[in-house]
Amino acid sequence: MSSKMQTLFLTSLLAAFAAFTAFASAQVVDTEPRMITVVENQENVNLHCRIGRSTNLCLIQVPGFAQFSASPTEPSPVAGLKYFGEGYERGSCGVTIERVTADNSGNMTCTLLVGGKTVMGAIEIVVAFPPEQPFIEARSANLDQVVVDSKLTFDCEAARGNPAATISWFLDNEQIYEGVRPVEPEENFDEVSGKRFFTARSSLTRSIRAEDNGKRLTCQAEHMAYPKGASRTDLVLNVNFQPQALPDQTVYGLQLGRTATASLVINANPPPIVMWNIDGVDYHQGSENGRYAVAIPEALGNNRYNVTLTIAGLTLEDLSKMYTLRASNSFGVEEYRVMLRSQDEVINESSGVGIGEIVGLVLAVLIVLTAVALILVARATGRWCFRGASLNTDINPDSEAQITPHPHDDEIDEKLQPQDPAAHFVHEGDEKHPATNGKHENGKQTKTQQQPPTVPVVAGGKQENGKTESKTNTSV
């Protein structure tokens, strides 16, 4: 074969291949949608096939119906089905299902005739039907003996639905995310009905808390075929736990001399049995001993119990005692300390001032007052010398107060003699000197000798020129 012939052959082959490729690419059938999920008895469901060229024929095959030629101008020969589209000239071939049944589940096919060749498209129809109501099962656990802090795993299952349901967990209507593990749906086929169905499952692992008691654990399955879009099942948790701890309690506002009631609320399940210990003496619930009465715990709901102690004729001694409450059930024991405060007490714990601070303040005030009193007494009696202080001239002659002699008066006796009541002091610079009838000679002061104070005894004297003459007995 010559080279020209070979070239011509290859050119023709490439042209044919290109034409085939172009034709094949033009024969791709677009479907709207590619897959559809509907519920049983849903009405007027539209399925559409389209090709890029005009068509001369449109054959439709819907599961549960016979194949038929759908025409935009002719009535449909199959009841319940009719042509849907924009006409043959636009390559449009579709069908409307007036009412969907479970038998319509499967692939709808459309066959179009283009240029003497047929092309096909397909749309999957999923007829949804609701699964059974979901149910909860606890793994290896007795739900009547659930203990606080235990870890439980719950399984939820919604079986025989199409498609598979979506499962969510709730605790008192609050959705739970932690500990949730979805499981891949299990697919099954029912040969009798010819239906495919799925079983959805989900598990929840949770550490049980005391506050979970009495709450509602819910498994909710959502599915388009449910009448309300969802179905749910509930499980009420019964959590057993010992009485729960509380910080030390203080009861305020009690009145001395009157009946006082101390109470606190504790959480426990089952109900607690209580006993008060007062200075080493036990008082059991439901008993009355002397001035003390212990009531049976009062149920407040939601595993809360009010426990009270009644004291007749509250005394100051009662305020100094330590009160210990012991609460127990079959799952444990807990103790609580309670202190009592009367409304007459000045100390209020909320003020931030403690007993120690007040005692220290009182002692400080007493020390200051005592010091001031001692200084005043010492000053009044002259036991201490206060520099710069002025003395009263009307000093009792019998007083034991002493006057410091002037440092320049070397003629004065070492012992200070009692002074005349009429004597007074004068200042010289910073020094103090007794004023006398003496005279200063050569810078020295001459002291006039004074008589010691006497106690006059009038024995019939007479007064001349404002002076009284009398006979007296004197004593130093």
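How many aromatic pairs does a search of the whole structure find? The search finds two aromatic pairs, and the model in which they occur is predicted.

**View 1. The pair formed by Tyr83 and Tyr88 is edge-to-face.** The ring centres of Tyr83 and Tyr88 are 6.4 Å apart, with 80° between the planes. Both Tyr83 and Tyr88 are buried.

**View 2. The rings of Tyr283 and Tyr292 form a tilted pair.** Their centres lie 5.1 Å apart and the planes meet at 55°, so the pair counts as tilted. Tyr283 has a relative accessibility of 10% and is therefore classed as buried. Tyr292 is also buried, at a relative accessible area of 7%.

**View 3. Two arginines lie over the faces of aromatic rings.** Arg291 is placed over the face of Tyr292, 5.4 Å from the ring centre. Arg232 is placed over the face of Phe170, 5.9 Å from the ring centre.

**View 4. Asp318 is a buried residue of helix H2.** Helix H2 covers residues 316–319. The relative accessible area of Asp318 is 0%. Beyond its neighbours within four places in sequence, Asp318 contacts Arg291, Tyr292, Ile311, Gly313, Tyr323 and Leu340. Asp318 and Met339 are separated by 21 residues in sequence and by 9.7 Å in space, C-alpha to C-alpha.

**View 5. Residues 358–378 carry the annotation "transmembrane region" in UniProt.** The UniProt entry that lists this span is unreviewed. In the model, residues 358–378 are 100% helix and 0% strand.

Conventions: Residues are numbered from 1 along each chain as its sequence is written. This is a predicted model: local features need pLDDT of at least 70, side-chain atom pairs count only at pLDDT 80 or more; totals for chains, interfaces and linings use all residues. Side-chain values use heavy atoms; hydrogens and water are left out. UniProt positions are given in the numbering used here, feature names are shortened, and annotations may be inferred rather than shown by experiment. Helices (H or I, at least four residues) and strands (E, at least two) are DSSP runs, numbered from the N terminus. Buried means under 20% relative accessible area, exposed over 50%, partly exposed in between (1.4 Å probe, protein chains only). Contact means heavy atoms within 4.5 Å. Rings of Phe, Tyr and Trp (its six-membered ring) pair if their centres lie within 6.5 Å; planes under 30 degrees apart count as stacked, over 60 as edge-to-face and the rest as tilted. A charge sits over a ring if NZ of Lys or CZ of Arg is within 6 Å of the ring centre and within 35 degrees of the ring normal.
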